[in-house]
Amino acid sequence: MAKPKETEQAPRIVEGTSTPEDGSLDRSLRPQSFDEYVGQTKHKDNLRVFVQAARARGEPLDHLLLSGPPGLGKTTLAQILAREMGVELHVTNGPVIEHKGALAGLLTKLGPNDILFIDEIHRLNPAVEESLYPALEDFRIDVITGDGAFASAIQIPIQPFTLVGATTRTGLLTAPLFSRFGHILRLDLYPESDLALIVERSAKLLGLDIRPDASKEIAKRARGTPRIANRLLRRVRDFAEVLGKGVIDAHAVEDAAKRLDIDSVGFDEMDRRLLRVIIVDYDGGPVGIETLAAALGEPRDTIEDVYEPFLLQQGFLGRTPRGRVATRKAFDHLGIQMKERVMGGADEVPQRKLF
Ligand code: ADP
């Protein structure tokens, strides 16, 4: 019998993807302006200039592609841009636009300079994507009427608008779509200092009594992701209210994290399993991504978009042309002794097999 996937039993806490439970919290904590949006300073500064220039000209912003793992603030940025531009934001999702007619319906509803936000834009159906090109370039929709020799194209003008596309990885976009974006912003995982500020801001909005050392402890376990930081804060609040004195201090965070099986660097059982598979079953790697996906019973995309970015950024995992390797840091974290082996981990010098 196939082993049920752990992710089907309970949603992961330390995952950036939004869950239905996050919905209202996301909305209530969402920054409303560039000033409230913590970190990503370089991108924010550039966007401020683009907004000012576009407003001065009375034109829409250039089409913008936002890339980065889930939960880093892509939707939030699109909302802030719309507010700063004084236009309306229309939100949709790539796979939801099923056919050209649905796209035409969305495009004809846009007001002048409005922003159309398409999440998961790499998952657009190819026919829909193709019919988006004339809209992006010339603000028009091409509609074909009639059949065969009687076919003719009608061009319907639409309002000038800005497409803000969001994707987990820019490499997933087709070249023609990618080339139609004027700006590409790659959002980075947030440093702990920014995440601590996000936790403090959220705690204030939720009216929580939180000590600075507690924000730091939450930030350490948030995997560089604001959505995870907010979710952890909410869980810690539950434990502190029910089991503690209501005050959130470092001890309350450590206690809650232990109960949730999240370790000191923000790993849950899934991260440890991933590293253990590489270390124990494949001798530290390299392991091909497909093999890893099969061993973990997870889709390749989930591994690449959700688990890996943090493990790579923090140096627990290395990527080589022959596959993923566990680094010495990963061995140390799991308390497993590193053996000498052929073409070892990313930080090892290749050597002759000794066993
Ligand atoms: P994405 O679209 O990249 O999945 P969202 O924009 O939905 O991410 O962000 C998830 C949540 O994280 C938001 O509701 C917001 O509360 C919080 N958040 C994201 N980025 C920031 C930031 N830079 N500053 C403060 N909070 C943020």
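A polar contact is a pair of N or O atoms within 3.5 Å; within protein, one must be able to donate a hydrogen and the other to accept it, and residues adjacent in sequence count only if both atoms are side-chain atoms. The model is predicted, with local features requiring pLDDT of at least 70 and side-chain atom pairs pLDDT 80 or more, whereas totals for chains, interfaces and linings use all residues. Residues are numbered from 1 along each chain as its sequence is written, and side-chain values use heavy atoms, without hydrogens and water.

An N or O atom in the Asn230 side chain lies 3.3 Å from an oxygen atom of the ligand. For Thr76, a polar side-chain atom is 2.5 Å from a ligand oxygen atom, while a polar backbone atom of Leu72 is 3.3 Å from an oxygen atom of the ligand. Of the 560 Å² of accessible area (Shrake-Rupley method, 1.4 Å probe) that the ligand has on its own, the protein covers 97%. The ligand is surrounded by 18 residues (a heavy atom within 4 Å), and the closest are Arg30, Gly71, Thr75, Thr76 and Arg227.

Leu81 is in contact (heavy atoms within 4.5 Å) with Phe34, Leu47, Val51, Leu61, Leu64 and Ile115, leaving aside neighbours within four places in sequence.
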